[in-house]
Amino acid sequence: PGTQTRELMLTAAIAADPSQVKFRFKHNPTASHYHWQVDDVRIVELFADDNKLEYAFLSHTGLGEEYGRIPSAQLYPTMLIGGDVTNNGAMAQNNVTVTMDVLGPVPFNTAINGGTIDPGVTATVQEAYTLPTLTPGLYEGTATVTADNPDEVPENNTYLRNFEVNEFVY
């Protein structure tokens, strides 16, 4: 219902011969609507270098689950740390790295190398990180994605995750 916006990256689909690209909008005759409209079509050239951190995680179970509060007695010695990175740029991104900086009673950080990510591809960059001995308190994590080339849209490169270690509450 209402206005729908669709975005898609064509880089990989048209790489062979961009001069032969044509667009067609087709109506589905079995749809329940009496009409359809196409408005405000834009073709935008991508930035050459633009990584986007879609999501970041600090999973103390190592399986992807995240808990806002973790009792000290149930905190595993390793934490799955990482994020999902989309290459929104037109060029392959080399040496993609997700860095997680965690502030709190016992600060820690790690840099996870994700290798090369091709245009239009979303990749999960993660590692099982061995934790220092965490004491009770609030931990505030900031994940940041970087690559060899400077990002032309840096405002989508960070993601925040928080958790608390305490004695009794999950």
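Modeller: Before we start: helices here are DSSP runs of H or I with at least four residues, and strands are runs of E with at least two. Bear in mind that this is a predicted model.

Biologist: How does the radius of gyration of the chain stand against that of a compact globule of 170 residues?

Modeller: The globule would come out near 15 Å, while the chain has 21 Å. The C-alpha atoms fill a box of roughly 60 × 40 × 25 Å along the principal axes.

Biologist: Let's pick a residue. Where does Val 106 lie?

Modeller: In the loop between β4 (93-103) and β5 (108-117).

Biologist: And why is Val 106 called buried?

Modeller: Buried means under 20% relative accessible area. Val 106 has 17% relative accessibility, so Val 106 counts as buried. Across the chain, 29% of the 170 residues get that label.

Biologist: Which residues does Val 106 touch, leaving out those up to four places away in sequence?

Modeller: Pro 132, Thr 133, Leu 134, Thr 135 and Tyr 139. A contact here means heavy atoms within 4.5 Å. Take Thr 135: Val 106 and Thr 135 are 29 residues apart in sequence, yet 6.7 Å apart in space, C-alpha to C-alpha.

Biologist: What share of the chain's contacts between residues at least 6 apart join residues at least 24 apart?

Modeller: That share is 72%.

Technical notes. Residues are numbered from 1 along each chain as its sequence is written. This is a predicted model: local features need pLDDT of at least 70, side-chain atom pairs count only at pLDDT 80 or more; totals for chains, interfaces and linings use all residues. Side-chain values use heavy atoms; hydrogens and water are left out. The radius of gyration is taken over C-alpha atoms; the globule rule is 2.2 Å times the number of residues to the power 0.38. Buried means under 20% relative accessible area, exposed over 50%, partly exposed in between (1.4 Å probe, protein chains only).
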